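Notebook open, model loaded. I'm jotting down what I looked up, in the order I looked.

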Amino acid sequence: MIYVILPQALKNMIPSFVNQFVSLTKDTPLAYIIGVNELTRAATQVNNRTLIAPTEIFLTIALLYFIICYSLTSFSRKLEKRFSL
């Protein structure tokens, strides 16, 4: 079972695992420090204090999460290619 069924099952399960990891990254704190709610709240507080560049603050947060999610999906593509050979 370990040598025959498990490799076939893992090959089919990689996309759903990556979707779960991306959702987990978006919904919960990343490494107990960075989370969507925490970053958004901090950006709102900075925006309320300075009122200078709200667009840049929120674009930075969006870019940060885009980089994290894109790296996860590119990693999954590499895994899929590796297992498809």
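This is a predicted model: local features need pLDDT of at least 70, side-chain atom pairs count only at pLDDT 80 or more; totals for chains, interfaces and linings use all residues.

I started with Tyr70: its relative accessibility is 45%, so I logged Tyr70 as partly exposed (buried is under 20% relative accessible area, exposed over 50%, partly exposed in between, with a 1.4 Å probe and protein chains only). Phe66 comes out at 52%, so Phe66 goes down as exposed.

Numbering runs from 1 along each chain as its sequence is written, and side-chain values use heavy atoms, with hydrogens and water left out.

Next I searched the whole structure for aromatic pairs and got one. The pair is Phe66 with Tyr70, stacked, at 5.8 Å centre to centre and 20° between the planes. For the rule, rings of Phe, Tyr and Trp (its six-membered ring) pair if their centres lie within 6.5 Å; planes under 30 degrees apart are stacked, over 60 edge-to-face, and the rest tilted. Phe66 and Tyr70 are four residues apart in helix 3 (residues 54-84), so about one helical turn separates them.

Then the overall layout. I count three helices and zero strands, in the order α-α-α along the sequence. These are DSSP runs numbered from the N terminus (helices H or I, at least four residues; strands E, at least two). Of the 85 residues, 14% count as buried.

What does Asn47 touch, leaving out residues up to four places away in sequence? I found Pro54, Ile57 and Phe58, with contact meaning heavy atoms within 4.5 Å. Asn47 sits in helix 2 (residues 36-50) and is buried, because its relative accessibility is 15%.

I also checked the chain's contacts between residues at least 6 apart in sequence: 58% of them join residues at least 24 apart. Ser23 and Cys69 are 46 residues apart in sequence, yet 9.0 Å apart C-alpha to C-alpha. Ser23 belongs to helix 1 and is partly exposed at 36%.

Last, the surface. Leu6, in helix 1 (residues 5-27), is partly exposed at 42%.
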